[in-house]
Each structure stands twice: as C-alpha cells, then as structure tokens.
Amino acid sequence: MDELDQSLISLLRQDARMNIADLAHKLGVSRGTVTNRIRKLEDSQVIVGYTVKLRPEAEPDRIRAWMGIMVEGNHGRKVVASLLGEPGVASLHDTNGRWDLLAELEARSMGELSQVLERIRLVPGIRGTETNIHLSTYR
C-alpha cells in the first residue's frame, strides 16, 4: 500500500459512505483512480467490509465487556478458532503481557452475558479469564 491507499483508507474510516467524487476531490485524484484503488484494496482483502458504527448511547441496553484470556500451553489456535465461533465475542485480539487474548464481549442482558462467560470458560485450552464490564466509552 502506498500513501494514496493509506489516505483513502483514512477517509473511509472517517466516513465509509463518502461517495467516490468526494473521495477523489479530497485526495486530488480522478474518480476512476479512487474506484480502481478501492477495488484493488477489496480484491486483496485489505478492505474486507463496511459496517455501521453506533454510539454506545444508541444501544443503552447492550452490555459490553472485556475479557482477558490466558491460554494453556500451545492451544492458542484451537482457542482462537473456538472463540471466533462464539456469537458473544464481538472482537478478538492477540496480545502480550498477562493475558494471551483480549475479547470484546457483547450481550443484551446480564443473563446473556453470564451464558457467554460460561461457554467461553468451558472452551478446552483456556487456563483462566478475567472480565471487566464497560461502564463508559469516551471515544
């Protein structure tokens, strides 16, 4: 990826609905260039999708939490595969430090969150977890 691709991605991160003409104008290139760059970024799977990003206040009943996960030995791949299939896991990150993985969890109620936690704790290869509920999001 070159500087133009990086700038294009930056603009799309700010507003994924920005039209091609506006992107071209902001980047100082033609609409065809922007269209081709987006197509290449999608074809090479640098861009894998577009999504809607909601303010946390827009879903006041949704419960979000972070879970630090410690993996036993070399079971990382199996644990990751299991967690990617868990509907309560909104995102999963490999990290360093005390926890091997960091999972962002989402649930519609405390009961549902409890069920998600129970399912995750039963995944073979997980040695320990620690969960913290999101209270406020500032950015």
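Predicted model: local features only at pLDDT ≥ 70, side-chain atom pairs only at ≥ 80, totals over all residues.
1. Residues are numbered from 1 along each chain as its sequence is written, and side-chain values use heavy atoms, with hydrogens and water left out.

2. The overall layout. The chain has five helices and four strands, taken as DSSP runs (H or I, at least four residues, for helices; E, at least two, for strands) and numbered from the N terminus. Reading from that end, the order is α-α-α-β-α-β-β-α-β.

3. Along the principal axes, the C-alpha atoms fill a box of roughly 55 × 35 × 25 Å. Of the 139 residues, 29% are buried (under 20% relative accessible area with a 1.4 Å probe, protein chains only).

4. Contacts along the chain. Contact here means heavy atoms within 4.5 Å. Take the contacts between residues at least 6 apart in sequence: 61% of them join residues at least 24 apart.

5. Helix α1 against α3. Two packed helices are described by the angle between their axes and the distance between the axes. For α1 (residues 3-14) and α3 (residues 31-43), the axes come within 11 Å and cross at roughly 85°, so the two are roughly perpendicular (65 to 115 degrees). The axes are lines fitted to C-alpha atoms over the stretch in contact, with angles from 0 to 180 degrees between N-to-C directions. On the α1 side, L4, D5, L8, I9 and L12 meet T33, V34, R37, I38 and L41 of α3. By class, that contact has seven nonpolar, one polar and two charged residues.

6. Helix α1 against α2. The axes of α1 and α2 (residues 20-27) come within 11 Å and cross at roughly 130°, which makes the pair oblique. Here L4, S7, L8, L11 and L12 of α1 meet L23, K26 and L27 of α2. This contact divides into six nonpolar, one polar and one charged residues.

7. A residue to look up: L135. You'll find L135 in the segment after β4 (126-133). L135 is exposed, with a relative accessible area of 81% (exposed means over 50%). The C-alpha atoms of L135 and I47 are 31 Å apart, and 88 residues separate the two along the chain.

Technical notes: Parallel < 35°, antiparallel > 145°, perpendicular 65-115°, else oblique. Nonpolar A, V, L, I, M, F, W, Y, C, P; charged D, E, K, R; others polar.
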